[in-house]
Amino acid sequence: MAPLTPAEQENHQALLDRLDIAAVSRPFRNPNWKPSQRRNKNVKQLISESSRKEASVMATQSNSGATTPLPATSASTDGSQTPADGTSRTNIAQAAQNLSTLVLEKNARAAFTSGPAVTYTNIESAPSLHPSQQTRYCDITGLPAPYTDPKTRLRYHDKEVFSVIRTLGQGVPESYLELRAAHVVLK
């Protein structure tokens, strides 16, 4: 190839400069990128938020009727006393709430004569004893346990836990069963 003249060299260098992709400025971020509006919360914020939620739940439970005792007022709630004239200072919303509370309490008294009243907001009810609600957990790991060792009667999650169970020393499986209240004491 013949050597280039200075004019051809200038044209060639101009072409190289025009086609050079390294010379094009490329910003690190996309110009359309915007930071997320979601922010991470610290532990203090999480605790205060959960306490606010609990307080609001307690406020709704205090209005639930059957789970809340009536406020100590001079007015009777059994319906025997009704103001004769319109001088009562209660508004319609309070009266409707008191009426719904009375109906809930009357229904609760009729349904449950003794013991705690079981309602949607009451936690005093007993746990379910239905077999479908009785999930079994591994005695070693705490994971769901579909298997039971016939020798030690320990529940286990998978074959790795089974190998650990088989290497346990004497008396150790009994202590695991004792934690689950499934041990047998012979006298």
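I began with the contacts of Arg155, taking contact as heavy atoms within 4.5 Å. Leaving aside neighbours within four places in sequence, I found Arg155 in contact with Arg136, Tyr137, Cys138, Asp139, Ala145, Tyr147, Thr148, Ile165 and Arg180. The model is predicted, so local features need pLDDT of at least 70 and side-chain atom pairs count only at pLDDT 80 or more, while totals for chains, interfaces and linings use all residues. Residues are numbered from 1 along each chain as its sequence is written, and side-chain values use heavy atoms, without hydrogens and water.

I placed Arg155 in strand E2 (strands are DSSP runs of at least two residues, helices H or I runs of at least four, numbered from the N terminus). Arg155 is buried (under 20% relative accessible area; exposed is over 50%, partly exposed in between; 1.4 Å probe, protein chains only). I found no salt bridge for Arg155 (a side-chain nitrogen of Lys or Arg within 4 Å of a carboxyl oxygen of Asp or Glu). Asp139, the nearest side chain of opposite charge, is 5.5 Å away.

I next looked up the largest nonpolar core (buried Ala, Val, Leu, Ile, Met, Phe, Trp, Tyr and Cys residues joined through side-chain atoms within 4.5 Å). Its seven residues are Cys138, Ala145, Leu154, Tyr156, Val161, Ile165 and Leu177. Beyond four places in sequence, Val161 contacts Cys138, Ile140, Thr141 and Tyr156.

Finally, I checked backbone angles. Arg153, in the loop between strands E1 (147-148) and E2 (155-156), has a positive phi of about 65° although it is not a glycine. Arg153 counts as partly exposed because its relative accessibility is 38%. Ala181, in the segment after helix H5 (172-179), has a positive phi near 60°. Ala181 counts as exposed because its relative accessibility is 64%.

Note on methods: Lys and Arg count as positive and Asp and Glu as negative; His and the chain ends are not counted.
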